[in-house]
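Please examine the sequence and the structure shown below. The dialogue that follows takes up strands, sheets and helix packing in turn.

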Amino acid sequence: VGAVLTRDRARFRLTKTRRELREITPKNQTGLNYSDLARIVLERATTAREGVEIIGDLIAQYGYATYGGNSHLIADSDEGWIVIEFAGGQGLWAAERLGPDDIRVSRPGYIGEFPLDFQHNSDYLGSANILDFAIQQGWYSPTTGEPFNINHVYGDGRMQWPGVAWISNELWKRASRPPAITLRDMMWALRTPKLTGDTAGYGQVVELRPNTHPELGVLWHVPGPAISGPFMPFYLGTIDIPAEFKKHRYLTADESALFISPDADSPNQKSSVSQSIESTRSAFRVFKRLFYLTMQHHEKFLPEVTETMDAFEAALIQQQPGIEKTALTLYQAGEVELARNYLTYFSNTEAMRSLRLAEALSDSIEARTNLLFDHDDQLGSPDILW
């Protein structure tokens, strides 16, 4: 099973660029940023390699703006590519192909040895100046016979961080037994408290399957830390999501100074969130509340919450073949709108069911916490390796 894991963008705030490059980065940068590139690749690329080429072409044409370097992991059902974009205003980037038997945990993204003749190696891509600039700066000399290591020359020199090394080893263990890496393994990897904590704004697993109807691609998504919420299947054919799962004012910049009511004094005081949305429960806040309740005394409550989320997901995964067969039958019959409505009804119904489950667990844990423990000032948490 090919799959990509994503969490929240806080992961990508970690620098991937050496200090000297950060220092020469222009104060007034121009060009596309990390999010721009990700959006454009998703809109235009048909393969992972094409996505890398699009990134390279855009950086060469328009430049790149960053707070300290970024990385993308682009994958299709056949292969993946790790792409590192460096700070410095020089348009530096490098990419390495990951094959069907590779496991790469990218946090921060890293590339090791890079061939000097990468233009003639189908497993590597990079900016035209990726080698020459390093030589000009005195960071690398091909005459020494040393390999050209991208991470050592342009990055932080650390390659795998402790959390990366740990989870990579765990995934290799799982890959050594049939049926190798599964969807459940990927969900576990994002749920493990060794990696996931308060900074996890969401969890997402994308299963990359060949020969699938384009609208039956599915995003397994939890709008909060995966520790405290089940991964919910949202099909690409889904046309709407519940109001509870849409954008609320919480965590939206400057919303504390804005108003929803129509009697706001000026348009500058008007919130971008509608009253009808804000009057509903925020799914993120519901799952976040359960996270705080669970982790405060994780030694007692985490096992039961994990067991519950795993069971919820297992039931959903079991239903997927039937759901997809029904929707595919509708698509093949030309009933596109019926298929989309069916997928939307299923995803939305299960999403709301997950919300009620999280609220029930929260109420139960809160009641027992009040009886069994004093309220602690600090959030409890297992040790995190990042």
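**Reading strands, sheets and helix pairs**

A: In strand E7, Trp-220 is the bridge partner of Val-205. This is a predicted model, in which local features need pLDDT of at least 70, side-chain atom pairs count only at pLDDT 80 or more, and totals for chains, interfaces and linings use all residues. Residues are numbered from 1 along each chain as its sequence is written, and side-chain values use heavy atoms, with hydrogens and water left out.

Q: Which way do strands E6 and E7 run, and how many bridges join them?

A: Strands of a sheet pair through backbone hydrogen bonds, either parallel or antiparallel. Here E6 and E7 (residues 218-222) run antiparallel and are joined by four bridges. Strands are DSSP runs of E with at least two residues, helices are runs of H or I with at least four, and both are numbered from the N terminus. Two strands pair if DSSP finds at least two bridges between them.

Q: Which residues lie on each side of E6?

A: In a regular strand the side chains alternate between the two faces of the sheet. In E6, Gly-203, Val-205 and Glu-207 are on one side, Gln-204, Val-206 and Leu-208 are on the other, and all are buried (under 20% relative accessible area, with a 1.4 Å probe and protein chains only). Six of the six residues of E6 (residues 203-208) are buried, so this strand is largely enclosed by the rest of the structure.

Q: What is the strand order in the open sheet of four strands?

A: The order is E2-E3-E4-E5, with antiparallel pairing. Strands E2 (70-75) and E5 (124-126) are the edge strands, each pairing on one side only. Within the sheet, E3 (residues 80-85) and E4 (residues 93-98) pair over six bridges, and Ile-84 has Ala-94 in E4 as its bridge partner.

Q: At what angle do helices H2 and H3 pack?

A: Axes are lines fitted to C-alpha atoms, for helices over the stretch in contact, and angles run from 0 to 180 degrees between N-to-C directions. H2 (residues 34-44) and H3 (residues 48-62) pack at about 130°, with their axes 9 Å apart. The two helices are therefore oblique to each other; angles under 35 degrees count as roughly parallel, over 145 as roughly antiparallel, 65 to 115 as roughly perpendicular and the rest as oblique.

Q: How are H7 and H10 oriented to each other?

A: Helices H7 (residues 183-191) and H10 (residues 298-332) pack at about 150°, with their axes 12 Å apart. They are therefore roughly antiparallel to each other.

Definitions and conventions: Buried means under 20% relative accessible area, exposed over 50%, partly exposed in between (1.4 Å probe, protein chains only).
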